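Please check each one against the structure shown below.

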Amino acid sequence: MTKRLQDFFITVIAGMGMLLSTLDTGIINVALSFLRGQFQTTTNIASFTITGYTLALAISILPLGVLSDKFGKLKISYLGLVLFGLSSLFCGFANSIGWLITGRIIQGMGAAALQATSAALITTLVSEDRKNSAISILGVMIGLGPVLGPSLGGILLSLNLWRFIFWINVPFALIVIICNHYLLAKVS
């Protein structure tokens, strides 16, 4: 594999990981009243779908960063992508608010692994001549997530496709998992 291709894959993994994790911070905000009605619960209980995700992310990010230093950034980002993708699938299939909150907590832990490794992947594995542009792309992805989240969530809710608020992550997570898996075998 050429260094240019490796840099490209690392930038995709870091950028998409950060985009997915920040997108899901806000995509569900517009769905609270819908979820309240869908699951016949209170707004306070439905808000745990947001709080659980954010709290799990905040609690997990530091330990996962330490683990990425010890075991490898690509391994921890791979773990994060798998957790995030599977929990996104799970959240879309949730048939009760309790299962949705549980899925969101697991999703938050996956997001923490993605956020803990994104910048570190670029600063340690991308060549010096491409590092600045890779960090710039990462910055754009960080900014896009919170902007796209509520807009995309609102569009999906207006089409009565609330499960796609979560399922939209799955194809992107799969693509990035494939890139990450490929790099695990090629990069030490």
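Against which helices do the buried residues of α5 pack? I take that up first, bearing in mind throughout that this is a predicted model.

1. The buried residues of α5 pack against α1 (3-26), α4 (48-71), α6 (97-125), α8 (164-167) and α9 (169-186). Helix α5 itself covers residues 73-93, and its 21 residues reach 30 Å from the first C-alpha to the last, which is close to the 30 Å expected at 1.5 Å a residue. Its buried residues include Leu74, Ile76, Leu81 and Phe84, but also Lys73, Ser77, Ser87 and Ser88, together with Gly80, Gly85 and Gly92.

2. Ser88 deserves a separate look, since this residue of helix α5 counts as buried because its relative accessibility is 0%, where the cut-off is under 20%. Once residues up to four places away in sequence are set aside, Ser88 touches Gln107, Phe166, Trp167, Asn169 and Val170.

3. The largest nonpolar core has 34 residues, and those with the most contacts inside it are Ile10, Ile13, Leu74, Ile122 and Leu183. At least two residues of this core are supplied by each of α1, α4, α5, α6, α7 (128-158) and α9, with the largest share, nine residues, coming from α1. A second, separate core has 19 residues, among them Leu23, Ile28, Ala46 and Ile50.

4. Just after α7, Asn160 takes a positive phi of about 60 degrees.

5. The buried residues of α7 are Lys131, Ala134, Leu138, Met141, Gly145, Gly149, Gly153, Leu156 and Leu157. What covers them includes α1, α2 (32-38), α6 and α8.

6. Ile178 and Phe9 lie 169 residues apart in sequence, while their C-alpha atoms are 9.9 Å apart in space.

7. For the chain as a whole, the secondary structure comes to nine helices and zero strands. The radius of gyration is 17 Å, close to the 16 Å that the globule rule gives for 188 residues, so the chain is as compact as a globular protein of that length. Along the principal axes, its C-alpha atoms fill a box of roughly 55 × 30 × 20 Å.

8. Two further totals describe how the chain is packed: 49% of its 188 residues count as buried, and, among contacts between residues at least 6 apart in sequence, 81% join residues at least 24 apart. The accessible surface comes to about 8900 Å², and 71% of that area belongs to carbon and sulfur atoms.

Technical notes
Residues numbered from 1 in each chain as written. Predicted model: local features only at pLDDT ≥ 70, side-chain atom pairs only at ≥ 80, totals over all residues. Heavy atoms only, no water. Helix = DSSP H or I, 4+ residues; strand = E, 2+ residues; numbered from the N terminus. Expected span 1.5 Å × (residues − 1). Buried < 20%, exposed > 50% of the residue type's maximum accessible area, 1.4 Å probe, protein only. Contact = heavy atoms within 4.5 Å. Core = buried A, V, L, I, M, F, W, Y, C linked by side-chain atoms within 4.5 Å. Rg over C-alpha atoms; globule rule 2.2 N^0.38 Å. Areas by Shrake-Rupley, 256 points an atom, 1.4 Å probe, with all protein chains shown as cover.
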